[in-house]
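Welcome! Here is a short briefing to read alongside the sequence and the 3D view. Please keep both open as you go.

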Amino acid sequence: MPETQHQLFSDTDSDACLVRTEAFEGPLDLLLHLIRKNEVDIYNIPMAEITRQYIDYLDLMRELNLDVAGEFLVMASTLIQIKSQMLLPLPDDPELEEDRIEDPRAELVRRLLDYERYRDASIQLASRTLLERDVFARNFAVPEAEQAAADSAVIPDVELFELVDAFRRILAKVPLESFHEVGSENISIADRISDVLEMIKQSDAVDFEELFAGSSTREYIVATFLAILELCRLRMIKIMQFESFGRILVKSAIIAADGEGEQGE
Amino acid sequence: MSNSELKQIVESILFVADAPLSYDRLYTLLEEFDREEIRGAVEAVATDYCGAGRGVELVQVAGGYQFRSRPEYADYIRRLRKVKPARFTPSALETLAIIAYRQPVTRGEVEYLRGVDSGGVLKSLLDKKLIRIIGKKDIPGKPLIYGTTREFMETFSLKDLRSLPTLREIEELADSSSDPDQVPLPLPE
């Protein structure tokens, strides 16, 4: 079994960047994704491998300087704790019969299954016929209520993880290391912000990947990505994606600012 | 008044109503009519509209009846309404699902099940009136407890809370549907 499992987990560091990121809602979602992706038995999770992949993912988040939410870190330490607990020999006590020695993974498995159930339920909910999406009823315009609805209807058009995903693809194209490093060239995010703004100003909407054109080093790409995130935070640009996994477009939000309302989050 | 006219009366009231109308509400509005006959009239209207050749139907939702456009014409109606179609983030849906199935439920319970902080999501769901605070739980700290609202049932086209599929049914659905869809990982030779 260990042999075949090793085969399954062949995504070593070289292509770790190809792991597709989905919009993970939290540590449980990420863990479930890793378990399903590796097609391992949820009742017999290979802790070492899953923990490694989990931590790899957090490392990438950190490399992007994204705030890794505390919950992700708590889960990482839980995983490591379970992993080490499994290395310990079982207590050689006849008093403790099998049913009393619980697998250290048991609670985690219960939580994962519970979570999966509610996540499936949420997918079911979304697939119902939704009012104001699939079906419509006569409604009576109450100006205030309408305004409130318009405000809350504004949601980010692109999920963060889709951006991260696109970023990973760009990052993967750049060689991991360069060998003739002379001195570190300082690339400031402020410079990249003005470059990006300049690029956007020239055309209506720019392909997300185009903004990275001419990038050669990881530092440069990371700075560009952070610049885009910063501009998005300042609501100076709008990031759109018209279909799932489609092209991500970036356009200036300053011109369109009047009728468009603001971008949430 | 004759029965046939009652049907028209019911139809006109349902047409003008701005929210699903329950039988109780109809009984009060039409107190001069026999309750059995009102029920019959509502069902007759519903049958009229469920036939072919109609763009709207009378649906049972949130404990009442409401005229709604048929889902197949959603694209056309969106041309009329300039608002973006209602969309929910996965975190909002997860939180809603947990509250719908576990209510009354505290924020702590939601967060344990989701594994993430859910304060922001709860607030936005409260703002959208999809959930409400039912009260406080009688445990240390007296945390607030949440439940779903009538708007939740209206939005998700639920006749009542009992018509949510059970979690077991969902599990079976997920099990049977995930297998054919799953693309096997290309295993290295």
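**The nonpolar cores**

In this predicted model, the largest nonpolar core has 53 residues, and those that touch the most other members are B:Val10, B:Leu96, B:Ala97, B:Ile98, B:Ile99 and B:Leu125. A nonpolar core here is a set of buried Ala, Val, Leu, Ile, Met, Phe, Trp, Tyr and Cys residues joined through C-beta atoms within 7 Å. A residue is buried if 20 or more other C-beta atoms lie within 10 Å of its own, exposed if 12 or fewer, and partly exposed in between, with C-beta atoms placed from the backbone.

- The largest share of this core, 7 residues, is supplied by α5(B); helices (H or I, at least four residues) and strands (E, at least two) are DSSP runs, numbered from the N terminus.
- Beyond its neighbours within four places in sequence, B:Leu125 is in contact with B:Ala92, B:Thr95, B:Leu96, B:Leu130 and B:Ile131; contact requires C-beta atoms, placed from the backbone, within 7 Å.
- Another core lies apart, with 23 residues including A:Leu163, A:Leu171, A:Ile200 and A:Ala223.

**How to read the model**

- Residues are numbered from 1 along each chain as its sequence is written, while chains are lettered from A and ligands numbered from 1 in the order in which they are written.
- Local features need pLDDT of at least 70 and side-chain atom pairs count only at pLDDT 80 or more, whereas totals for chains, interfaces and linings use all residues.

**Where the chains meet**

- Contacts link 42 residues of chain B with 39 residues of chain A.
- On the side of chain B that touches chain A, at least two residues each come from β2 (64-69), α4 (74-80), α5 (90-102), α6 (107-114), α8 (150-155) and α9 (167-181) of chain B.
- α5(B) gives the most to that side, with 8 residues.
- That side of chain B holds 24 nonpolar, 7 polar and 11 charged residues; Ala, Val, Leu, Ile, Met, Phe, Trp, Tyr, Cys and Pro count as nonpolar, Asp, Glu, Lys and Arg as charged, and the others, Gly among them, as polar.

**Helices that pack together**

- α5(B) and helix α7 (residues 119-127) of chain B pack at an angle of about 80°, their axes 10 Å apart; axes are lines fitted to C-alpha atoms, for helices over the stretch in contact, and angles run from 0 to 180 degrees between N-to-C directions.
- That makes the two helices roughly perpendicular, a label for angles of 65 to 115 degrees.
- B:Ser91, B:Ala92, B:Thr95 and B:Leu96 in α5(B) meet B:Val121, B:Leu122, B:Ser124 and B:Leu125 in α7(B).
- In chain A, the axes of helix α2 (residues 27-37) and helix α5 (residues 106-126) come within 10 Å and cross at roughly 95°, so α2(A) and α5(A) are also roughly perpendicular.
- A:Leu28, A:Leu31 and A:Leu32 in α2(A) meet A:Arg111, A:Leu112, A:Tyr115 and A:Glu116 in α5(A).
- Among the buried residues of α5(A) are A:Tyr115, A:Tyr118 and A:Leu125.

**Backbone features to look up**

- Most residues other than glycine have a negative phi, and most peptide bonds are trans.
- The peptide bond from B:Gln103 to B:Pro104 is cis, with omega near -5°, and B:Pro104 sits in the loop between α5 and β3 (105-106) of chain B.
- A:Glu39 has a positive phi, near 50°, and counts as exposed, with 11 C-beta neighbours inside 10 Å.
- B:Ala62 also has a positive phi, of about 50°, but B:Ala62 is buried, with 24 other C-beta atoms within 10 Å.

Notes: Contact = placed C-beta atoms within 7 Å. Parallel < 35°, antiparallel > 145°, perpendicular 65-115°, else oblique.
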